[in-house]
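Please keep the sequence and the structure in view while reading.

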Amino acid sequence: MERVFEEGTTIDRFLLDTAADFPESTGQFVNLMQSIVLAGKMISARVNRAGLSGLLGGTGEVNVQGEFVQLLDEYANNTFKRALEHGGHTCMIVSEEDEAPTLVPERFHSGRYVVTVDPLDGSSNIDVNVTIGTIFGIFARKTPEGTAATLEDALRPGSDLIAAGYIVYGSGTLLVLATDHGVHGFSLDPSVGEFFLSHNAIRVPERSTTYSINEAYREQFGEGTRAYLDRLKDPARKYGSRYIGTLVADFHRNLLKGGVFLYPGTAKSPGGKLRLLYEAFPCAYIVEKAGGAATNGKTRILDIVPKELHDRVPLVIGGKAEVEEATALMSPFPY
Ligand code: P6P
């Protein structure tokens, strides 16, 4: 039941107002979101001062993805987990930065929610002051409250998500949250340290004239993908290319203004690069709540069940008509 709220509503008031629509709510979800909001404020403050506080550059470590860990990646990961693991609302955290899930201490096994997170997406852009962001998904656990969470609570279809969102650290800091009430954006006013509603009931335009893809890999894509890209270059369609190299930033621009983002698989990497549980699932949940669509080039992203926590998946996401056109052409599957 999508709802529109008055401008200037704080995120706390939004969370309390929407929780009131669910008589069975215990307040755990509101508390969980308030923990995510706190982590977002802390990461935003550090990102904005990274150049002044020695937080640029790498740690020298390589993570489970085989990527060099940046200092801000480590800070964002630790900050996000610390904000969640002692809140009594979360029983497990699956992070891009950690091979294994983080299980909360036994005294918090009553936590109802499982959170998947890419603490800082767009690492390659951190040191050059280009927009980066945090992406998160929220499941209600399947295993009984009061017990330790298990992989069963995370290896499940994206359609089990009950909420998802992201925080983009760009010209401003904006938190976008998708729930059964629709997709709403909250801008951080750093002078008061509060997120205020600034984007009411976001809907993604069905069609646009923007596509986002790293065309350097063109010769590695399937012939269907190349055929789709050639179609977009027809001057009559007036498409332009926009590609930031940070998924959450490209996705956010396309969510607001319309556009299709593609990270297809290739012969060398049929699964593509993006991760299913904490990148594709949350973005797919958000875009569908905003009226858009997301596939892996063949099937709906939210219908996929991950085999492992760090599964990768090809991603085509954006306005429904554009995703359908691209998906119909993309072959041979999976790239
Ligand atoms: P490429 C950032 O490292 C990331 O994981 C996504 O945020 C982004 O969309 C993608 O990689 C960019 O990958 O191969 O185009 O550099």
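## Domains

The model is a predicted one.

## Interface between the domains

Contacts between the two domains involve 45 residues of domain 1 and 33 residues of domain 2. About 2,800 Å² is buried between domain 1 and domain 2, and carbon and sulfur atoms account for 67% of this area. On the domain 1 side, Ile135, Leu155 and Tyr166 provide 19% of the area that domain 1 buries against domain 2, more than any other three residues.

Three salt bridges are found across the interface of domain 1 and domain 2. Elsewhere in the listing of charged pairs, Asp180 makes a salt bridge with Lys289, and their closest N and O atoms are 2.9 Å apart.

## Ligand surroundings

The ligand is surrounded by 13 residues, and the closest are Asp121, Tyr217, Tyr243, Leu247 and Tyr263. Sorted by class, this shell around the ligand holds six nonpolar, four polar and three charged residues.

For Tyr217, a polar side-chain atom lies 2.5 Å from a ligand oxygen atom. Leu247 contributes through its backbone instead: one of its N or O atoms there is 2.7 Å from an oxygen atom of the ligand. Lys273 has a polar side-chain atom 2.9 Å from an oxygen atom of the ligand. The ligand taken alone exposes 400 Å², and the protein buries 86% of that area.

Methods: Residues are numbered from 1 along each chain as its sequence is written. This is a predicted model: local features need pLDDT of at least 70, side-chain atom pairs count only at pLDDT 80 or more; totals for chains, interfaces and linings use all residues. Side-chain values use heavy atoms; hydrogens and water are left out. A residue is near a molecule or strand if one of its heavy atoms lies within 4 Å of it. A polar contact is a pair of N or O atoms within 3.5 Å; within protein, one must be able to donate a hydrogen and the other to accept it, and residues adjacent in sequence count only if both atoms are side-chain atoms. Accessible areas come from the Shrake-Rupley method with a 1.4 Å probe; for residues, only the protein chains shown count as cover. Ala, Val, Leu, Ile, Met, Phe, Trp, Tyr, Cys and Pro count as nonpolar, Asp, Glu, Lys and Arg as charged, and the others, Gly among them, as polar. Contact means heavy atoms within 4.5 Å. Buried area is the accessible area (1.4 Å probe) that two parts lose on being put together, summed over both. A salt bridge is a side-chain nitrogen of Lys or Arg within 4 Å of a carboxyl oxygen of Asp or Glu.
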